[in-house]
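Welcome, and thanks for taking a look at this one. Below is a short tour, from the whole chain down to single residues.

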Amino acid sequence: MSHLYRCLPSVDRALEWLCREPELCTVPRPMLKDLVNTFFSLRRREIASGRIQSTAQLAEDVLFPALLAFVLAGVVPRFRRVLNATGVVVHTNLGRSLLADAAVRAVNQACCHYSNLEFDLESGRRGSRYSHVESLLCRLTGAEAALVVNNNAAAVLLALETLVSGREVIISRGQLVEIGGSFRIPDVMAKSGAVLREVGATNRTHLFDYEQAITEQTGALLRVHTSNFRIVGFTKQVSLQELRKLGDEYGLPVIEDLGSGALVRLPGLEEEPLVSEVIRDGADVVTFSGDKVLGGPQAGIIVGRTEYVERIKRNPMNRAMRIDKMTLAALEATLRLSLDPERATNEVPTLRMIATPFETLKSRAGRLARLLRTELKGRGEVSTRRAESLVGGGAHPERGLPTVLVEVAPLECGVEALRDALLQVTPPLVGRVEHGLFCLDSRTLVAEEFPLVASALRNALASVEQ
Ligand SMILES: *Cc1c(COP(=O)(O)O)cnc(C)c1O
C-alpha cells in the first residue's frame with residue numbers, strides 16, 4: 001500500500017498544474033495550497049481504507065481533473081450572489097434591498113477616494129458625518145432633525161436609552177412584536193434601561209389604558225408598527241393623534257418605531273404609513289430602516305423634534321452604532337432619488353420590484369416559462385399560475401402583490417431534491433416549493449438573469465440525476 005502514497009504528486013507540482021487555469025491565477029496561493037493539501041489528505045484516506053488500490057487511480061490525468069473541480073468549488077467566496085426567485089422583495093436573509101445604480105456609484109467613490117466624511121469644507125474644521133443626509137431626511141419627512149445609525153434595532157435602542165432610561169415607557173400589548181432574527185421589542189427596550197409598562201389586551205387597547213398607566217415614573221409613550229402581522233377581528237389600537245394629545249397633556253414624548261418607513265407612496269403599498277404622515281400626526285421621534293421599503297443600505301434612521309434628536313446625537317452610545325462612509329454614500333444617493341417619487345419608483349430596485357405591474361409580470365413569466373421549457377426538454381414540465389408575492393421586511397403582511405409564478409415539475413427526481421440542488425449551483429437559486437412544484441416568481445429577477453436561471457436549473461437537474 002505504501003507505494004501508492006508515493007504515487008501522489010507533490011503539492012508544488014499540483015499547484016503548478018492548477019495555475020494554468022486562468023480563473024485560479026488570481027486566487028491567493030495559501031488558499032490554493034490549503035485546498036490541494038485537503039484534496040491529497042482525502043486521497044490518502046482512500047488509500048488507507050482500500051478505496052484506492054491501483055496506481056492507475058492516481059495517474060495525473062485522473063487525479064488532476066478531480067483536483068481542479070475540488071479547487072474550483074473551494075475557491076468560490078463564501079459570501080456571494082444568489083438568484084432570488086422567491087418573489088419576496090425585501091428578503092432579509094437574501095440581503096434585503098438592492099441599491100440603485102446612483103447609490104452603487106456613490107459607494108464606489110466613497111471607497112476609492114478620501115472624502116469629507118467628517119470634514120467641513122466651509123470652515124476647514126472637523127465636521128459631522130450626519131450632516132450629509134440630515135437636511136435631505138428633513139425635507140423628505142417634514143421632521144426638524146435627523147440622525148442615522150447602524151440599523152433600526154440600534155435606532156430603537158438608542159432612542160429609548162437616551163429618552164427613557166431608568167423610567168417607564170408605555171406600550172400597547174398588541175404591539176409587543178418579535179421581528180425576524182429574534183429581535184423582540186420588549187428585549188431591546190429592556191437593554192435600553194427603560195422599564196416596559198404594558199397596557200391593554202392583545203387585541204384591544206384604549207386611550208384610557210395609557211392614561212391610567214401614567215405616573216411620575218413615565219418617560220415616554222411608544223407605538224410600534226406591527227410590521228409582520230395583523231390582529232384582525234375585534235380590535236382597537238389608539239391612533240397617533242390621540243397619543244399625541246395625551247403626550248401633550250402630561251408632557252411626555254411620543255416615539256414611533258415604524259419598521260419599514262416608506263418615503264414615497266407606491267402602487268400596491270397604499271396601506272403602509274409614510275414617515276411624513278407619522279411626523280405630521282405628531283410623533284416626536286420616529287425610527288425606521290434604511291433597507292426595507294426605503295430601498296437603501298442597511299441603516300437605522302431617527303427623525304423628529306430637534307430637542308429630542310439633539311439629545312440622541314449626544315448619547316455616547318451613538319458612537320458605537322455609527323454608520324460607515326459606504327452606507328452614508330448609498331443613503332444620500334437613495335434619498336436624493338426619493339425626492340422624485342416617479343424617478344425613485346423607476347430607479348430604486350426595491351420600489352421598482354414592488355411597483356411592477358401585473359401585466360409586466362405576466363409576460364415576463366411567460367418568457368421565462370418558454371425559455372425553461374426549451375432548456376428542460378423531457379426533464380421537467382413547466383407551467384404558470386397566478387399567485388401572490390410578498391413585499392417582506394414587515395411591510396404589508398396580510399396581503400400579497402398579484403403575480404404569475406413559473407412552476408417546474410422535475411420528471412426524474414423529487415422536487416425537494418431539485419430545490420436543494422439549486423442551492424449548490426453557481427449562482428445558487430432560491431425559490432420555494434408549493435403544491436409539489438418548484439415555484440419561481442420573476443418579480444425579484446430581472447430579464448438579464450433568465451439565462452442564469454435556466455442554466456441553474458439545467459445544472460441542478462444534471463447533478464441530482466447523476
Ligand atoms: C424591521 C424592524 C425593526 C428592525 O429593523 P432593522 O433595520 O432590521 O434593525 C424594528 N422594528 C420594527 C417594527 C421592524 O419592522
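## Overall picture

Let's begin with the contacts: among those in the protein with a separation of 6 or more, 75% are between residues 24 or more positions apart. Please keep in mind that this is a predicted model.

The protein has 466 residues, and 50% of them count as buried. Its secondary structure consists of 20 helices and 17 strands. Along the principal axes, the C-alpha atoms fill a box of roughly 90 × 55 × 45 Å. The accessible surface comes to about 22400 Å², with carbon and sulfur atoms contributing 51% of that.

## A helix pair

Two packed helices are described by the angle between their axes and the distance between the axes. For helix α18 (residues 358-375) and helix α20 (residues 450-465), the angle is about 40° and the axes are 10 Å apart. The crossing of α18 past α20 is right-handed.

On the α18 side, the contact is made by R364, R367, L368, L371, L372 and E375, while α20 brings in F450, P451, V453, A454, L457 and R458.

K292 carries a UniProt annotation, from an unreviewed entry, as "modified residue: N6-(pyridoxal phosphate)lysine". In the model, K292 sits in the loop between β11 (285-289) and β12 (300-304). Is K292 buried or exposed? K292 counts as buried because its relative accessibility is 5%, under the 20% cut-off.

R223 belongs to strand β9 (residues 218-224). Its relative accessibility is 16%, so R223 also counts as buried. Leaving aside residues up to four places away in sequence, R223 touches Q175, V238, S239, L240, L243, I255, E256 and D257. That list includes the charged residues E256 and D257.

## Backbone details worth a look

The peptide bond from T426 to P427 is cis, with omega near -15°. P427 is in the loop between α19 (415-422) and β15 (429-430).

R96 lies in the loop between β1 (83-84) and α6 (101-112). H435 is found in the loop between β16 (432-434) and β17 (437-441). With a relative accessible area of 68%, over the 50% cut-off, H435 is exposed.

Terms used. Residues are numbered from 1 along each chain as its sequence is written. This is a predicted model: local features need pLDDT of at least 70, side-chain atom pairs count only at pLDDT 80 or more; totals for chains, interfaces and linings use all residues. Side-chain values use heavy atoms; hydrogens and water are left out. Axes are lines fitted to C-alpha atoms, for helices over the stretch in contact, and angles run from 0 to 180 degrees between N-to-C directions. Helices (H or I, at least four residues) and strands (E, at least two) are DSSP runs, numbered from the N terminus. A crossing is left-handed if the near helix is turned anticlockwise from the far one by less than a right angle, and right-handed if clockwise. Contact means heavy atoms within 4.5 Å. Buried means under 20% relative accessible area, exposed over 50%, partly exposed in between (1.4 Å probe, protein chains only). Accessible areas come from the Shrake-Rupley method with a 1.4 Å probe; for residues, only the protein chains shown count as cover. UniProt positions are given in the numbering used here, feature names are shortened, and annotations may be inferred rather than shown by experiment.
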